[in-house]
Amino acid sequence: MPDTAPASDAAKTLRTGPGRLLVAVYGVFALAATARGAYQLATRFDEAPVAYLLSVLAGVIYLVAAVGLARAGRTSRRVALVSCSVEMVGVLVVGAASLLLPEVFPDDTVWSGFGSGYFFIPLVLPALGLWWILHVHRLDRD
């Protein structure tokens, strides 16, 4: 369903400046995580299905966040807020589980070790995304 509400100046800022950089990084991570996970599912499913499915899920969440951040409007901002929140919970839960229960994750996911295989960007990215969304929301309320 399209976001038909008129975009205020504050809502438009979600996709400008730092928001534009967030959209780009989320887009790259969406492509990388989805492609890697899909390839691993297709070629090595029996080795670590949970890890590979989580990588694909992470890629989908990154894509939804990128789209939510790229579009203006309250609905898009809510979509971005929810996806960044789910991503933060995912990276914290999977990051902790991959360290405490390594036998469950015989191969890494994007979120394993809190994103250590990706220079911890998966841990920092949702924090930055949430901060940016809430910052823009405050501007919109003023």
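Trainee: Where is the place of Val104?
Mentor: Val104 sits in the loop between α4 (74–100) and α5 (121–141), where helices are DSSP runs of H or I with at least four residues, numbered from the N terminus. This is a predicted model, in which local features need pLDDT of at least 70 and side-chain atom pairs count only at pLDDT 80 or more, while totals for chains, interfaces and linings use all residues. Residues are numbered from 1 along each chain as its sequence is written, and side-chain values use heavy atoms, with hydrogens and water left out.

Trainee: And is Val104 buried, exposed or partly exposed?
Mentor: Val104 is partly exposed, at a relative accessible area of 39%; buried means under 20%, exposed over 50%, and partly exposed in between, with a 1.4 Å probe and protein chains only.

Trainee: OK, new topic: how many salt bridges does a search of the whole structure find?
Mentor: The search finds two, a salt bridge being a side-chain nitrogen of Lys or Arg within 4 Å of a carboxyl oxygen of Asp or Glu. Arg44 meets Glu47 at 3.2 Å, N to O, and Asp107 pairs with Arg44, their closest N and O atoms being 2.6 Å apart.

Trainee: How accessible are Arg44 and Glu47, then?
Mentor: Arg44 counts as partly exposed at 27% relative accessibility, and Glu47 is partly exposed too, at 48%.

Trainee: Which residues are buried in α2?
Mentor: Among them are Gly19, Leu22, Tyr26, Phe29 and Ala30.

Terms used: Helix = DSSP H or I, 4+ residues; strand = E, 2+ residues; numbered from the N terminus.
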